[in-house]
Amino acid sequence: MLPLSANTTQPIIKQATNYLARQVQSSGQYIYGYFPCFGRTINTYNSLRHASSTYALIEGYEACHSFDAYRNDEAKLALANTKVGIDNAMNYLIDKLIQIYDDKAYVIDTGGEIKLGANAVTILAIVKYLQVFRDTPKADDYHALAEQLALGIIAMQQNDGSFVHVLHSKDLTLKAKNRIIYYDGEAAFAMMRLYGLTKDTRWLDCVTRAFDYFIEAKHHQAHDHWLSYCTNELIIYKPEKKYFQFAVNNIAGYTDFIKNRITTFPTLLELSMAFHKMLLKLDEHPEFHDVLAGFDVQGFYQALHARANHLINGFFFPEMAMFYKSPQTILYGFFIRHHSFRVRIDDVEHYLSGLIGYFDFLKTANYPKLAAKKYLPTHNVIHTDNEDKNQPVKSDSQHLKQPVLTANSLVLATKGKWLVTPPVDWSATGLCIWPPSFESGQLIVARRKNMAVGYLSEKSIESLVKKGASAIITDDVIAYKNSSIPVLYVRDIRQATIAIGRYARQVFDGQVIGITGSAGKTTTVHMLAHVLNGFGGASYTQYSANLPVGIAWNLASMPHSINCWVLEMAIGSMSANTNLVRPDIALITNIAPAHLEYHHNVETIALKKSRIFEGMAPGSLAIVCRDIEQYDLIERLATTWGIHVVSYGEHDDATIKLLSYNQKEAQAQIAVDGQTYLLNLQARGQHMVLNAMAILAVVNHNNLPIRDAITRLESFKAVTGRGQVLETTYQNRPITLYDEAYNANPLSMQAALETFEQLQEPTHQKVLILGDMLELGGDSSKYHLQLAPIIERMNFRALILVGSQSKVLLDKLKSLDITLYHFENVQALSLQLHEFLKDYDHVFIKASNGIGLNKLFIEG
């Protein structure tokens, strides 16, 4: 299921509102609820929930009245029926459930109880009714009743500001000082709503006294949504720091629970929406922004969106209701699964209130300004000296940077302890989990006990210590206790690796750019870093390590003296990836059939790639290829997260537009902000031009000179395995190798083949070696066969196919007048390859990395 949008949330609100209205009987009493597994009605009743459900029903009416869909006759009739239900429920509440005691009024519940919360939610229902139905003839009576109910609440307030929770209705004596903390929040919320309506200071004074008690008693530890609601109302009229702090404390340390709680728990969305509104109010008071110190605002919004979408698992869609004994009694209601799929009016109430708030949020995507990270580029343009170097240019502020991976920071990040203590002023320069990536001064991570592969073996540890490793990280308290260098013990080496990467990212104050896509990620990473090295420098992903652990050690190893970090991010574990990277800019190159064994279809790929937005602050930038078929979906998801989108490509609506591309001349004409530029890349192909346009979008966003960036782009050379052109020899034969062997999917295969075809080389000197495109699932044969018409249009001397899945192409093409060979694997081909190659051949190789075509031309 796609994430909720305003358009998809609206019908759920409409259906749930209509459902709740249908539960109101002609008497005004609700059908209290159902146990649908047994087809049984819940025969008890609760006055408090009658009132609170009526409040939610009025909220639902108000929301539905604003929907454009409610302009036709059928919708108007549904609204009219809802209004009848509201009036009946209000009449029952007032006539049957409320008792007057002199100047006070109380709601009487089962067993002759007067509950603080019942008076509160009744006030909420009355105030909401008066706000929505302003011309009601009952206005005066409702105002008077609300005041009596409020006086009843004041009578239940103690000298210290606290409230008693339950009285006996027969004589108003105390039955229970405390029953449930919800009552306190409900009471304060109701009094604030009534104050907003009448401006009677008695109600505000009551809440002020109550809040002094709530703060002292640490009520925030309950993480109650009603307390969050009432705080929002209070700060409208009394915007004091202590109230903002209470609101933050009420949710701090709870966002992981909101995000990950397996039950639907609808009040968590209400809590989240109330806190979101508090953040909007906090925008108006920058002097209080320090109340958010240590609070992860972006993590909160991840939790909010996750909780809202999880709530849909509690909705009785027809496809689910049909399996129960009486489907019509529960259709479009909300249920609590761990209570035997119970549907009760207050269950519907909480779902409905939360989703109405979420709908309003989705409709505006109005994030607080304080949630947006402000990044100010400090690049210095460098016109010469580094044209052919891919090494970062360090900024002038390098000497001001303090060490990041210090002894204390590593303990803080990993919750580990030093077994061999580092010397004073010790620090590490990075992190190594793989020997080829090692540089002197780095931390080295020892392989887990009883682990056969991964991380660093004892032999590697011994070798790297001699080469200048700064410390060892291990989960074995014995193995390295006599080490000559510091040793940090951690409980889990994987989690420690990720924690160190996360810490390094958190303390980096430069710009971070995350790049994802089905093809071209690594090339775009290298290309962008190459360009930014002309503007103050960039550090970038090494060894295409684009999953959480690889991203973490890259983050931990990137210098903080560089202005910009560029990270490659794979679709696998994208939510974890983006939580590590926290990109300021996200770049999506394309969406294509790739890894379909895991992701099933391209729409799912687009959805998962778009999870990159989850880790981005509102106001960040997404750069997306406009030619992607799923562009509209990606743009909508970006907007949901408050992210601005810039597009590029051939599409007429692209922000940065490809006007033309001459394959033979390898020259592109592009438009940026209404100005036309020519671009000639050494790395040939239109797909390379599109990558370059994405880079120009970054450059333009950072207000850097486009022409200087183009100069840098034109000196970029393709990366090994990704379009690199190499003059080499094979068994003493001189050849030109076109190396595309690192990976392949249908999109990248087509782009590379079309680029090779445009080469102005004699047909008799062109040889194609194509291997399987892996991980395409059940449609693998279809995608391989789609290459046939492309190959048929090409001119070459010979085509060599490698792999079991490529055999379908052999069967398809063997009727053509071409020289065609097939081998089951690289090993079989290597025995005969010398027979097919001639001096000065131009040899094109492309396949998924698992096929190993690159091994053909590594001569030992």
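Two strands count as paired if DSSP finds at least two bridges between them. That rule sits behind the strand pairings below, including the one that places Gly-514 opposite Leu-567 in strand S18. The model is predicted.

1. **Overall picture.** The protein has 860 residues, and 59% of them count as buried. Its secondary structure comes to 32 helices and 30 strands. The C-alpha trace spans about 110 × 70 × 55 Å along its principal axes. Take the contacts in the protein with a separation of 6 or more: residues 24 or more positions apart account for 69% of them.

2. **Strand S16 and its burial.** S16 covers residues 511-516, and six of its six residues are buried, so the strand is largely enclosed by the rest of the structure. Which residues cover each face? On one side sit Gln-511, Ile-513 and Ile-515. On the other sit Val-512, Gly-514 and Thr-516. All of these are buried, so to the cut-off of under 20% relative accessible area, both faces of S16 are covered.

3. **Partners of S16.** Strand S18 (residues 564-568) runs parallel to S16, and five bridges join the two. Within this pairing, Gly-514 faces Leu-567 of S18. Strand S19 (residues 585-588) also pairs with S16 in the parallel sense, here over four bridges. In that pairing, Thr-516 stands opposite Ile-588.

4. **A three-strand open sheet.** Here the order is S2-S1-S8, and the pairing is antiparallel. S2 (40-41) and S8 (343-344) stand at the edges. Each has a single partner strand, so one side of each is left without a neighbour in the sheet. S1 spans residues 33-35 and is joined to S8 by two bridges. Gly-33 is opposite Arg-344 in S8.

5. **Helices H2 and H15.** H2 takes in residues 47-66, and H15 takes in residues 345-364. They pack at an angle of about 35°, with axes 9 Å apart. The crossing of H2 past H15 is left-handed. From H2, the contact uses Arg-49, His-50, Ser-52, Ser-53, Ala-56, Glu-59, Gly-60 and Ala-63. From H15, it uses Ile-345, Asp-346, Glu-349, Leu-352, Ser-353 and Ile-356. By class, this contact has five nonpolar, five polar and four charged residues.

6. **Helices H7 and H9.** H7 (residues 201-216) and H9 (residues 241-249) pack with their axes 11 Å apart, at an angle of about 50°. That angle makes H7 oblique to H9. H7 passes H9 in a left-handed crossing. Thr-208, Phe-211, Asp-212, Phe-214 and Ile-215 make the contact from the H7 side. Lys-242, Tyr-243 and Phe-246 make it from H9. The contact residues divide into five nonpolar, one polar and two charged.

7. **Helices H19 and H26.** How do H19 (residues 521-532) and H26 (residues 706-713) cross? Their axes come within 9 Å and cross at roughly 125°. The two helices are therefore oblique to each other. The crossing is right-handed. H19 contributes Met-527, His-530 and Val-531 to the contact. H26 contributes Ala-709, Arg-712 and Leu-713. Of the contact residues, four are nonpolar, one is polar and one is charged.

8. **Leu-149.** Is Leu-149 buried or exposed? Leu-149 has 0% relative accessibility, so it counts as buried. It lies in helix H5 (residues 139-155). Leaving aside residues up to four places away in sequence, Leu-149 touches Ile-98, Ala-105, Tyr-106, Val-107, Asn-119, Thr-122, Ile-123 and Ile-126. Ile-605 is 456 residues from Leu-149 along the chain, and their C-alpha atoms are separated by 55 Å.

Definitions and conventions
Residues are numbered from 1 along each chain as its sequence is written. This is a predicted model: local features need pLDDT of at least 70, side-chain atom pairs count only at pLDDT 80 or more; totals for chains, interfaces and linings use all residues. Side-chain values use heavy atoms; hydrogens and water are left out. Axes are lines fitted to C-alpha atoms, for helices over the stretch in contact, and angles run from 0 to 180 degrees between N-to-C directions. Angles under 35 degrees count as roughly parallel, over 145 as roughly antiparallel, 65 to 115 as roughly perpendicular and the rest as oblique. A crossing is left-handed if the near helix is turned anticlockwise from the far one by less than a right angle, and right-handed if clockwise. Contact means heavy atoms within 4.5 Å. Ala, Val, Leu, Ile, Met, Phe, Trp, Tyr, Cys and Pro count as nonpolar, Asp, Glu, Lys and Arg as charged, and the others, Gly among them, as polar. Buried means under 20% relative accessible area, exposed over 50%, partly exposed in between (1.4 Å probe, protein chains only).
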